[in-house]
Amino acid sequence: MDLVGLSKRLSYVLRHRPDSVGLTLDRNGWVAVDDLLAALAAHGVRVGRAELDTVLAGNDKRRFAVEAGPDGRDRIRASQGHSIPIDLGLTPVTPPPVLYHGTSAAAVPSIRAEGLRKARRHHVHLSGDLSTAQRVGARRRGPVEILTVDAAAMAADGHQFYRSANGVWLTDHVPPRYLR
Ligand code: HQG
């Protein structure tokens, strides 16, 4: 399997559908690396630990975290982007004064009306810099628009922000009045 394909499959399994390969994640989203590789193999995806490590190291966004679990075995989880109910254990942090959200221009009228909504994910995802926002927006069809979020005003008004292990800014909802 190509490395990008494997990364996408890992995102699918670890963020959305662990059951698709017969896995259950713990309440914080972790699963033993050995169990993940065995489950993938049982579903026709033969990946060795070295290949997995290559994907993790080469991943442009460091989407996955690996660490030694309490039982001494290595465990892995996605650092953000889940649609299943796991607890990442994030603590609120003060955001920078502005954050960015890259999206398709076609979505902007609806976003201006409703604000940024998290849909099936746990949070709305925001970027700390314009180039990241541009890349996120470019995943969509058509022209990209970058919205600027007045994070300082949101924080002053009591909205909470979190930062994932791989640097993605997260919040529950961005009401339209904080968007420029
Ligand atoms: C849009 C990637 C209409 C929103 C990225 C986005 C990120 C609305 C889409 C992470 C809306 C949701 C998440 C509203 C939001 N009306 N459209 N009211 N509110 N939207 O993929 O932020 O590569 O769930 O603008 O780098 O694009 O997966 O969210 O276009 O960190 O690691 O609804 O996914 O990371 O799309 O991206 P997504 P996103 P990974």
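In this predicted model, the ligand sits in the largest pocket. The shell around the ligand draws residues from both domain 1 (3–78) and domain 2 (98–178), and the ligand therefore lies between these two domains.

In total, 19 residues surround the ligand, and the closest of them are Lys61, His101, Thr103, Ser110 and Arg140. When the residues of this shell are sorted by class, eight are charged, six are polar and five are nonpolar. With regard to secondary structure, strand 4 (98–104) and helix 4 (108–114) each supply at least two residues of the shell, and it is helix 4 that gives the most, with three residues.

Several polar contacts between the protein and the ligand can be described atom by atom. Thr103, which is among the closest residues, places a polar side-chain atom 2.6 Å from an oxygen atom of the ligand. On the side of the ligand's nitrogen atoms, an N or O atom in the side chain of Glu114 is 2.8 Å from a nitrogen atom of the ligand, whereas Gly115 contributes through its backbone, with an N or O atom that lies 2.8 Å from a nitrogen atom of the ligand.

Technical notes: Residues are numbered from 1 along each chain as its sequence is written. This is a predicted model: local features need pLDDT of at least 70, side-chain atom pairs count only at pLDDT 80 or more; totals for chains, interfaces and linings use all residues. Side-chain values use heavy atoms; hydrogens and water are left out. A residue is near a molecule or strand if one of its heavy atoms lies within 4 Å of it. A polar contact is a pair of N or O atoms within 3.5 Å; within protein, one must be able to donate a hydrogen and the other to accept it, and residues adjacent in sequence count only if both atoms are side-chain atoms. On a 1 Å grid over the protein atoms alone, a cavity is a set of points where a 1.4 Å probe fits but cannot get out, and a pocket is an open set with protein on both sides within 12 Å along at least five of seven lines; lining residues have an atom within 4 Å of a point. A molecule sits in a cavity or pocket if more than half of its atoms lie within 2 Å of its grid points. Helices (H or I, at least four residues) and strands (E, at least two) are DSSP runs, numbered from the N terminus. Ala, Val, Leu, Ile, Met, Phe, Trp, Tyr, Cys and Pro count as nonpolar, Asp, Glu, Lys and Arg as charged, and the others, Gly among them, as polar. Domain bounds come from an automatic or database domain assignment.
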